[in-house]
Structure formats: C-alpha cells, structure tokens
Amino acid sequence: MENKRMTDLGWNYCYLTNPTNKNNVTCKYCSIVFKGGIYKFKHHLASGYRNIKGCIKSPEHVGQEIIEYFLKKKQE
Ligand SMILES: [Zn+2]
C-alpha cells in the first residue's frame, strides 16, 4: 500500500511545491499550487469533481486517464 501511493498516477502531472510538505503540490500544466495533496490534485485533473476547480490547461486525454484510474480503483 505504501509503495502504491508513491507511484500514484497523479505524480506524473505534478510535483511537490515544497519537498518537506506532502500536502502542497504544483500542477505541471497550470502551475496552480494545490493544498490538498495528491488525492485532491487528481480531482483537479479529472475536472468537475465536487467543488474542486478543474485544470484548464491539461490535455483532455490526461483527464480521461485519471477518470479511468478512479473507475479502476473502485473495482478493486
Ligand atoms: Zn492544473
């Protein structure tokens, strides 16, 4: 489980704003700093989830990839 978290798909699209704080991540596409960790960041890429602001600069296929990733997780 721990390993799985480090290889989270979301890390392909963001990086830690501050290496000592895992809750703040920066979007590689729109440079927004996200204060909610990788989990919320993925919702940012998927767009339109809950009240999290979607990414306007990421390519459409990235959002699709994240949504498929969520669906796959649900089935596990
Ligand atoms: Zn973004």
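In this predicted model, the largest nonpolar core consists of 9 residues: Tyr 13, Cys 14, Val 25, Phe 34, Phe 41, Leu 45, Ala 46, Cys 55 and Ile 66. Helix H2, which spans residues 37-46, supplies the largest share of this core, with 3 residues. As a general background, nonpolar side chains in soluble globular proteins tend to be buried together.

**Overall arrangement**

The chain contains 3 helices and 3 strands. Read from the N terminus, its elements follow the order α-β-β-β-α-α. Of the 76 residues in the chain, 18% are buried. Among contacts between residues at least 6 apart in sequence, 26% link residues at least 24 apart.

Which residues of H2 are buried? They are Phe 41, Lys 42, His 43, His 44, Leu 45 and Ala 46. The cover over the buried residues of H2 includes strand S1 (14-18), S2, S3 and helix H3 (60-75). For Ala 46, the contacts can be named individually: leaving out residues up to four places away in sequence, Ala 46 touches Gly 63, Ile 66, Ile 67 and Phe 70. After H2 comes Ser 47, which has a positive phi near 65 degrees.

**Two exposed residues**

Ser 31 lies in the loop between strand S2 (21-27) and strand S3 (33-35). Its phi is near 65 degrees, a positive value in a residue other than glycine. Is Ser 31 buried or exposed? Ser 31 counts as exposed because it has 9 C-beta neighbours inside 10 Å, and a residue is exposed if 12 or fewer other C-beta atoms lie within that distance.

Lys 22 is located in strand S2. Lys 22 is likewise exposed, because 12 other C-beta atoms lie within 10 Å. Apart from neighbours within four places in sequence, Lys 22 is in contact with Leu 16 and Gly 37. Lys 22 and Gly 36 are separated by 14 residues in sequence, and their C-alpha atoms are 8.8 Å apart in space.

The table sets out the neighbour counts of these residues.

| Residue | Other C-beta atoms within 10 Å | Class |
|---|---|---|
| Lys 22 | 12 C-beta atoms | exposed |

Conventions:
Residues numbered from 1 in each chain as written. Predicted model: local features only at pLDDT ≥ 70, side-chain atom pairs only at ≥ 80, totals over all residues. Core = buried A, V, L, I, M, F, W, Y, C linked by C-beta atoms within 7 Å. Buried ≥ 20, exposed ≤ 12 C-beta atoms within 10 Å, placed from the backbone. Helix = DSSP H or I, 4+ residues; strand = E, 2+ residues; numbered from the N terminus. Contact = placed C-beta atoms within 7 Å.
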